[in-house]
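Student: I am new to this structure and would like to learn how to read it, one feature at a time. Could we begin with how the covering of a residue is described?

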Amino acid sequence: MRRWFTRSELLRFMPRAYRRFLYAAVSLTVLWQLAATLAPATGFTREYYYPLHRAADPAAFDATGVPGVEARAVSLDLDFLREQNLPNRDYIVRWRGVWFSPRPERIDFRAGADDGVLVRVDDQVVIAAEMGTRRRTVALETGAHRIEIDHWQRGGGRTLNVRWALPSGDSEPVGATRVFPTDPGVHGYLLATVSARLGNLALIVWVAGAAVLSGRMAWLVGRGVCRAAAALTAGEVSSRLRAVLFPALLGPSQLLLFGPWTMHTTNRAEFLVPFSTLAPRWIWLLGPIAGGLAALGLLLPPRWFRVFVATLCAGGVLLWVQGNLLIAEYGLLDGGDLDLASHAWRGPFEVGLWIAVVGLAACFAGAVTRAAPAASVLLMSLQAVVLFGSTLAPPGGSGAGDEAAPSWSEVPPEAYELSRGRNIIHIVLDMFPSHIVAEIRDDDPSAFDRAWSGFTFYRNHLGAFPTTKGSMPAMLTGVPYRNDARFSDYQWAHPSVFHALGQHGYRLRSLTADGRDHPRAAFPGAEDAVAYTIPRPYDSFRAYVDSTSAQLLDLSLFRHLPHGVKSGVYRDGEWLLQQRIASRWGEISGAPRSLGDTVFLMDFASRIEAEGESPVYSFLHVITPHPPIVTDADCRYVGGRVRLTRARYVDQARCALTVVQALLDRLRALGLYDRSAIVVTSDHGLGLFPPRGTPPFRQGVPSGKSLLRVRIDATPLLLIKPFGAQAPLQFSDAPTSLADLPATLLDLAELPNTLGTGMSALALDPTRPRERTYADHSWGDRNNSGSQYFDVLHLYTVDGQVTNPEAWRYRRPIFDPTANGRAQYRAHRIGMSAAEDDAAPAGQQVYRTDPYAVFFLKPEEDRIAFDVRPAADSQTVTVRIDGHVVRRISLSGEAWRRLEFPVEARDAGDGPFCIELLVSSRGGDGDGRSHGVMLRGAF
């Protein structure tokens with residue numbers, strides 16, 4: 001087979017073209033750099049001041065003597081707030097510089113901002129604008145003119161746009177070559193202007209020259225390709241196609257078929273349309289990509305053809321390995337940032353793996369090429385069989401076959417219907433901790449109490465789980481999950497409050513962002529329920545399909561590409577393809593789910609109407625104020641990637657309460673407020689932001705968190721208004737729990753608790769003690785929305801106020817019953833590292849512990865025994881078994897101390913014993929730190 005082009009043809013082409021191109025491009029580049037070196041710097045001096053007092057007049061702000069953050073700025077924008085994590089409310093920024101006019105001229109200044117902007121030229125106010133845009137033409141003499149631009153922001157959205165133009169020209173941002181930190185003089189201004197123009201000209205020459213060279217090279221290659229194609233025989237074409245076609249299909253199929261198919265199949269409850277509806281948006285690319293790769297292979301010389309096929313096969317296998325075996329726990333798509341930084345070590349490892357595998361494939365190209373077609377077909381066939389089998393399985397796993405997967409639809413008109421007689425409205429605001437409501441109320445108690453008239457705020461309310469997965473079934477059925485069955489079986493095994501109310505004549509409305517909340521058709525009472533799953537985006541069907549298709553492709557690329565490339569797909573949460581869809585459909589399509597859910601709740605509040613006399617139970621579960629941050633306190637979309645801070649989260653929580661208050665006002669306007677019992681709650685709290693003034697009870701607990709974090713996660717919001725209640729907001733310290741919600745809703749409806757779970761919050765005595773339970777767990781690949789068991793649940797009891805750490809007691813761990821017990825115990829140890837330099841008796845291991853350490857022993861033990869030795873002078877060790885303090889011992893010297901505790905053996909299926917060591921050191925090594933101990937035992 002002939003080469004694409006000969007060496008003599010390439011040599012005749014390259015030198016002649018390169019000389020002309022390089023002479024011009026290098027000369028211009030040298031002149032540009034010389035002018036840039038001699039030219040004065042351009043731009044502003046920027047000063048940032050925070051906080052701006054609410055009563056201050058920004059237009060009269062005097063920066064004299066006020067500390068601020070000063071920096072150089074080339075352009076006039078607000079990006080530095082995000083880049084430097086500066087507060088974006090109650091600030092003022094001042095840009096100072098010198099405007100240079102080369103001749104007398106009239107300049108058209110335009111400025112607009114949210115909240116405000118002030119433009120001064122030569123200490124005279126040119127433009128003063130608040131929440132709008134202003135324009136003014138200014139006559140300037142030749143020379144330098146002092147320019148100052150102030151921008152301030154109180155709250156809500158923030159924008160700034162300051163531009164200038166000559167009377168007959170187009171406008172451009174203030175800056176570039178017209179503004180300097182100091183007076184540049186005529187020569188300095190000319191040098192800056194020449195430098196900018198030479199830079200643009202050099203760029204044009206480089207780009208144009210490269211384009212011409214590329215075009216000529218493409219012509220040469222094209223002519224060679226035509227020659228090579230003409231020389232191919234039919235037999236060669238057939239032979240090469242058989243060798244290259246399936247390896248060319250292997251890699252693209254991982255990204256475009258098997259990757260998206262896997263994620264859709266394993267998370268079917270989260271998608272409102274089948275894979276067959278989404279796939280046509282991108283699956284057609286398989287043909288052109290695989291066909292193009294195969295066509296390229298046909299035209300390569302024989303030696304390079306073998307290397308090409310081997311490389312295609314190796315690349316496809318690597319994509320499969322990357323997406324199925326080298327999966328890291330980067331975090332959940334729950335609104336928070338993915339953790340790429342802690343996995344940075346993967347970058348060199350995975351790049352090395354790719355280079356090594358591709359290099360070996362190229363070195364042994366002949367053998368790999370012979371095996372590549374069959375290997376590619378086998379790998380793709382196995383994936384297709386596995387995925388096809390999982391597609392046939394019911395969405396919810398075992399026991400779920402009688403339920404249809406959620407599907408996209410318009411909001412049914414019945415969803416907005418309430419009864420003229422009696423209504424129970426149950427609103428779940430996702431991830432809303434109780435104490436945030438208390439802080440918002442404290443800003444204006446009288447107004448808040450009036451807006452929430454008839455409600456009681458339950459301050460001693462305990463959740464069930466730290467995540468939505470376990471919390472919502474417990475809230476609706478009253479039965480908390482305890483790892484005693486597959487999670488899907490548990491979900492389907494218990495009737496919910498829907499069924500209990502439906503059997504007593506209530507019309508049921510389930511409007512939720514999570515289709516798993518809907519009532520189960522397997523139980524009586526919910527046959528005619530109106531079930532609507534809020535889509536993301538909350539928009540048209542076409543927008544949903546486009547957005548979800550982009551999401552699946554982004555996730556497939558992120559999963560299958562090596563670590564070093566993932567950041568280019570993730571883009572700090574803005575995602576490569578999803579942002580392109582957002583630019584087509586608008587902000588709701590590209591924004592996280594919480595924005596669409598907020599808009600849906602607004603729509604619901606504005607469209608509800610009274611229809612019919614039979615009672616209605618309306619259940620609404622919306623993903624707000626769950627991060628990420630998408631709205632300000634006034635429910636305006638903030639856009640982009642906003643850093644999660646306490647102030648921003650509280651603003652989003654204010655927005656959520658504002659929308660619910662609008663719903664309450666709508667009920668009042670329709671005369672339905674007294675005829676409605678209303679429950680506003682959350683599924684769990686948010687441990688990132690504890691209440692202000694919280695004592696630092698940060699001792700560790702066996703789940704690997706602090707008790708403070710566990711406690712804040714366990715305090716969701718609960719507000720209840722019975723029928724006819726009118727008094728200002730009341731407060732209760734009744735010991736309620738999330739599992740009490742079904743009993744409470746039935747009590748509000750004046751119906752018996754036929755579910756037999758929990759106790760009504762309305763009947764609980766705040767003065768009587770009551771022990772409640774809470775299950776904590778981590779969240780990640782082992783514990784995600786599709787896991788059938790939690791790898792371990794840490795069970796706590798709370799007897800007293802949830803805010804009191806003394807009321808909390810650790811009870812026991814409940815591990816995944818299907819996993820290897822000993823391996824699980826080792827994986828969940830805390831604060832223990834092997835001490836290789838210490839000898840230990842046969843069958844035992846020596847460990848060095850942290851000041852807090854946890855280990856587990858199998859439940860069949862009737863005696864717990866281990867040895868301890870101090871690692872520092874004057875140490876005290878407190879030993880807890882299953883949350884109970886069993887020994888407190890003082891250690892000194894270097895001798896091992898034997899500790900033995902008799903226990904009552906449990907059945908093998910019960911949870912293991914949890915042993916905690918709390919170590920305190922007096923003096924330590926003189927630096928004030930506490931040290932752990934040396935620990936020895938067979939565990």
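Tutor: Buried means under 20% relative accessible area, exposed means over 50%, and partly exposed is what lies in between, with a 1.4 Å probe and protein chains only. At 32% relative accessibility, Arg 709 therefore counts as partly exposed, whereas Asp 713, at 5%, counts as buried. Please keep in mind that this is a predicted model, in which local features need pLDDT of at least 70, side-chain atom pairs count only at pLDDT 80 or more, and totals for chains, interfaces and linings use all residues. Residues are numbered from 1 along each chain as its sequence is written, and side-chain values use heavy atoms, with hydrogens and water left out.

Student: What share of the 939 residues of the protein chain counts as buried?

Tutor: The share that counts as buried is 52%. As for secondary structure, helices (H or I, at least four residues) and strands (E, at least two) are DSSP runs numbered from the N terminus, and the protein chain has 23 helices and 30 strands.

Student: How should I read the packing of two helices, and at what angle do α10 and α20 cross?

Tutor: Two packed helices are described by the angle between their axes and the distance between those axes. Axes are lines fitted to C-alpha atoms, for helices over the stretch in contact, and angles run from 0 to 180 degrees between N-to-C directions. The axes of α10 (residues 434–443) and α20 (residues 646–669) come within 10 Å and cross at roughly 80 degrees. That makes α10 roughly perpendicular to α20, since angles under 35 degrees count as roughly parallel, over 145 as roughly antiparallel, 65 to 115 as roughly perpendicular and the rest as oblique. Among the residues that meet are Ile 436 and Ile 440 in α10, with Tyr 649 and Leu 657 among those in α20.

Student: How many salt bridges does a search of the whole structure find?

Tutor: A salt bridge is a side-chain nitrogen of Lys or Arg within 4 Å of a carboxyl oxygen of Asp or Glu, and the search finds 35 of them. One joins Arg 509 and Glu 417 at 3.8 Å, N to O, and this pair links distant parts of the chain, with Arg 509 in strand β13 and Glu 417 in strand β10, 92 residues apart. Arg 509 is buried at 4%, while Glu 417 is partly exposed at 22%.

Student: Where do Arg 709 and Asp 713 lie?

Tutor: An α-helix has 3.6 residues a turn, so residues three or four places apart point the same way. Both Arg 709 and Asp 713 lie in helix α21 (residues 707–713), 4 residues apart, about one turn of the helix. Their side chains meet in a salt bridge of 3.2 Å, N to O.

How values were computed
Contact = heavy atoms within 4.5 Å.
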